[in-house]
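Hello,

Here is the structure I promised to pass on to you. Have a look at it first, and then read my notes below.

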Amino acid sequence: MERRIEIDSDSGFCFGVVTAIRKAEEALEESGTLYCLGDIVHNAAEVERLRKKGLVTITHADLENLHGVKVLLRAHGEPPSTYETAKRNGIEIIDATCPVVLQLQRRIKASAAEGEEGREDPLILIYGKPGHAEVNGLVGQTAGKAIVITEVSDLDIIDFRKDIRLYSQTTKSLSGFREMVEEINKRREMIPDEERGDFQWFDTICRQVANRMDKIRDFAATHDVVIFVSGAKSSNGKVLYSECLSVNPSTHLISEVKELNPEWLKGATSIGICGATSTPRWLMADVALKIGTYAE
């Protein structure tokens, strides 16, 4: 029995993560040590690879106590308070914020400033995961006033008589965002026209990430077994893994090679390997090599 092993060509780091890692490696070549605020990517294997090169992962509490060093800001972005701390402590920032996230931060900050023009402040809603690094950076653009919504039930506390501006975390699903828009419109219709606030929504989901949904479903459907490689902390990984599983019940989630189970592959003639936007290509290649050593 001939077995085919294929790595999904559309899986792996998005361009924002690629840029952040490139900047980190360039800085490490110069100095040998670099601090990074939070895991540079939600993948333990890649974090460990860079740690061995001299990348030191720190927290926001650590940042307060550092002075005169270089600190990398990862692709997720940061709130204004982080830049203020760095300036106060004489820290040199290597800013690897993804351009898509940076543009979104600017738009949210502009919306939050509408109230300064003589109007009542609009409610800024962010469809995203509470506590996620990117979301924390977005909320920071509004001085902490933005409301993060994840489920439709989160809208129960919203006063729809006020002006509303809805944005999305860049890595959320398009279908989930559209459902949120529809639900807000339904609830607004229950309020008389003269009392209803203005509603504007902005689809700020990264298309490089969003377009992977359909592609990864197609990929998963063409194989007997799918091995999905992703770090446990990756929100994007959880979403894409669910998409694979929805079309191929023989999809298995692992974070490292040693978690592979040969039993999963028995009788399979076609094995697909794919991953999240935070999964390094080298790790998927290692998984493919390991699978190749198993007896068919």
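Asp214 and Arg217 sit 3 residues apart, about one turn of the helix, and both belong to helix 9 (residues 212-221). In this predicted model, the two form a salt bridge whose closest N and O atoms are 2.1 Å apart. Asp214 has a relative accessibility of 48%, so it counts as partly exposed. Arg217 is partly exposed too, with a relative accessible area of 25%.

You will find another pair in helix 2 (residues 44-51), where Arg51 and Glu48 are 3 residues apart. Their side chains meet in a salt bridge at 2.7 Å, N to O. Arg51 is partly exposed at 46% relative accessibility, and Glu48 is partly exposed at 31%.

Helix 7 (residues 174-188) holds Glu183 and Arg187, which are 4 residues apart, about one turn of the helix. A salt bridge joins their side chains at 2.9 Å, N to O. Are these two buried or exposed? Both Glu183 and Arg187 are buried.

The structure has 20 salt bridges. There is also a network of salt bridges that links Glu25, Glu46 and Arg49.

One more residue to look up is Gly237, in helix 10 (residues 235-247). Its relative accessibility is 3%, so Gly237 counts as buried. Beyond its neighbours within four places in sequence, Gly237 is in contact with Phe228, Ser230 and Ala276. Asn136 lies 101 residues from Gly237 along the chain, and their C-alpha atoms are separated by 19 Å.

Terms used
Residues numbered from 1 in each chain as written. Predicted model: local features only at pLDDT ≥ 70, side-chain atom pairs only at ≥ 80, totals over all residues. Heavy atoms only, no water. Helix = DSSP H or I, 4+ residues; strand = E, 2+ residues; numbered from the N terminus. Buried < 20%, exposed > 50% of the residue type's maximum accessible area, 1.4 Å probe, protein only. Contact = heavy atoms within 4.5 Å. Salt bridge = Lys/Arg side-chain N within 4 Å of Asp/Glu carboxyl O.
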